[in-house]
Amino acid sequence: MFNYKVDEIRSILKAIVQANTTRDVLAWLEEKRALNTSFVLLPRKTGKAIINITAHQSKQIDTIIPGFSVDGWSIDRLGRAYLLLNLDASDQKEYFRVIEALFLAAEIGELVALYSTLPLLAYPEIWVKRCSEGIRSNIGSVLEAIMYHNPYPAQNLDQSAWNQLVLKAFFTDKDINKIIGIDTRANKELAYIISDYIHERWAAKREVNPNLWRLVGKFIDEKLFEDIKRLFEEGNLVDRKAGALAISQSNYQPAIALLTKYPELVTAIENKNLNWDSLSR
Amino acid sequence: MCCTHSFEEVKSEPLSPPVSLDGIKGMKFFDPHVHMTSRTTDDYQAMADAGVVALIEPAFWLGQPRTGIDTFRDYYSSLIGWERFRSSQFGIKHYCTIGLNSREANNEALAEQVMEILPLFIYKEGVVGIGEIGFDDQTPAEEKYYRLQLELAKESGLPVQIHTPHRDKKGGTKRSMDIAIEHGLDPYKVIVDHNNEETVKEVLDRGFWAAFTIYPFTKMGNERMVDIAKQYGSERIMVNSAADWGISDPLAVPKTAALMKIRGISAADIELITYRNAITAFAQSGQIDEADFASAGSAIDQSQKFEGNTILRGGQQPRIDKSSIIIS
């Protein structure tokens, strides 16, 4: 039903809720009533302050569900996740129906809570369509709820839905470093789509996010190498740094040979002074 | 629901000399009635530039009658979802009121279904009232759903935003108030909208809030509004634009403030009429936190600010140079 230790997560979330609300509010959360009502009314009880969470709790969560984090969440978002965790999941059909209905009538704050709770839900395989639908949203905070510190997409989406998520993240200027699985799910199809996208940007004389090359590096071949060469020939320093980082992920010999002409970039990568994270800052 | 229902009815009148908005620089405005769904991003940008920091979008008639419950559901969802987000992109805090408008109350089969889904929406965050409801043609069906929604307001403790009719306005306004009282609503929780010189006195005398829609040709002009402010003061009075799909002006609130300033209304009264009173009235819903939009000049929707994300902060939409013919 659950693909992680749900009891442990439940007790950690409960402890965080406890530390961030009054006893009355916790009691209210645990009262039996229609989920729809509790879910909608919840912020009126909890307020919307950003939660305090200990480093230990944060680490525990990441150990049980790698990549998942509630750091920086507001108390209503966490409270809603906690509500969903307490929902009876024994009847799969009913479980799906109840949660799907919440999605259908959700306002923005509710959507954020719902999508960021996907990795906690039972029957992960039944939320794939819902997750793909969320990626079609144009509401920034909803996209971030799916993209940032959320291991659900990388674990559950098929390749085309995953590629859609990544492209959408670039199109909407998201922080790529917060996307769980961004490197592990890199794939050749995506590298080629990104190459096309970069060509469009070049044609329009628009800026190209250097992090895009991160998804190209592993797949450099004869065609993609042409793009990399252009970075070194026509690009600025950031472009060359991105090109160097991309080559450092590649086994394509002509690319590796090109990089040897830029010893200072090679050294910077070897010393870890230059990496994708530092590049985007 | 406002106001010009036929474009042919509009007579062009000589334009009055332009009023500069310079006098109200730095002031904040709250437009408690504006249908942004029908407006463009240019309007949002102009409103933000003119100092509008928050607004209320009442559920209304979209011009095209709805034929099914799903289009109502999606419309309500858009008021608490997509439109709210769109507004946040311009640094304007977006609230809404939810209700079945009087016009569509006449489709009884559909109205029944709408009444069933209303409770799903009225408790959502940022829903600050039941509205806009009331009379259009003053039919029995309109009265029935008006009464049912007053009961809903009572049960939920939400304020009510009343649309008063175009035809037989005085009678319709009086009747709307009578019925609200009959249902035991506190007049202090009821905002009677689209007032004019003929209706305002009774509305105020009976303890209701009096809202004025500054809307060209068919409703109040803002010069008349200045005279009303001079006569009645600022207690329980507010102005709105009710800008929608008709010829209307989303800058009606700041423009009226500018005119009031030029015509000698005190700064304190202007603030009450164009900002504070609307907040006081609708904050009775418990859904308005002034801190969400009051930080001068940089209203940022806090819910859009996660973990240092910068891209979607309100008021930081890229600007287009409108005077250039180059589009890049």
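Q: What order do the 8 strands of the open sheet in chain B have?
A: This is a predicted model. In it, the order is 1-2-3-4-5-6-7-8, with parallel pairing.

Q: Which strands stand at the edges?
A: Strand 1 (29-31) and strand 8 (237-240) of chain B. Each has a single partner strand, so one side of each lacks a neighbour in the sheet.

Q: And the twist, what does it average?
A: 25 degrees from one strand to the next.

Q: How many bridges join strand 1 to strand 2 of chain B?
A: 3, and the two strands run parallel. B:D31 sits opposite B:L55 of strand 2.

Q: Where does helix 6 of chain B pack?
A: On the sheet. Helix 6 (residues 140-156) touches strand 4 (127-134) and strand 5 (160-163) of chain B. Its direction makes about 165 degrees with that of strand 4.

Q: Switching to helix 1 of chain B. Which residues are buried?
A: B:D43, B:Y44, B:M47 and B:A48, in a helix covering residues 41-50. They span an arc of only 130 degrees around the axis, which puts them on the same side of the helix.

Q: Why would that spacing work?
A: An α-helix has 3.6 residues a turn, so residues three or four places apart point the same way.

Q: What do the buried ones pack against?
A: Strand 2 (52-58) and helix 3 (82-88) of chain B.

Q: What follows helix 1 of chain B?
A: B:G51, with a positive phi near 105 degrees.

Q: Now chain A. How is it divided?
A: Into domain 1 (1-177) and domain 2 (186-281). Their C-alpha centres lie 35 Å apart.

Q: How many residues are in contact?
A: 7 of domain 1 with 10 of domain 2, in chain A. The domain 1 side has 4 nonpolar, 3 polar and no charged residues.

Note on methods:
Residues are numbered from 1 along each chain as its sequence is written. Chains are lettered from A and ligands numbered from 1 in the order in which they are written. This is a predicted model: local features need pLDDT of at least 70, side-chain atom pairs count only at pLDDT 80 or more; totals for chains, interfaces and linings use all residues. Domain bounds come from an automatic or database domain assignment. Two residues are in contact if their C-beta atoms, placed from the backbone, lie within 7 Å. Ala, Val, Leu, Ile, Met, Phe, Trp, Tyr, Cys and Pro count as nonpolar, Asp, Glu, Lys and Arg as charged, and the others, Gly among them, as polar. A residue is buried if 20 or more other C-beta atoms lie within 10 Å of its own, exposed if 12 or fewer, and partly exposed in between; C-beta atoms are placed from the backbone. Helices (H or I, at least four residues) and strands (E, at least two) are DSSP runs, numbered from the N terminus. The arc is that of the directions from the helix axis to the C-beta atoms. Two strands pair if DSSP finds at least two bridges between them. Axes are lines fitted to C-alpha atoms, for helices over the stretch in contact, and angles run from 0 to 180 degrees between N-to-C directions.
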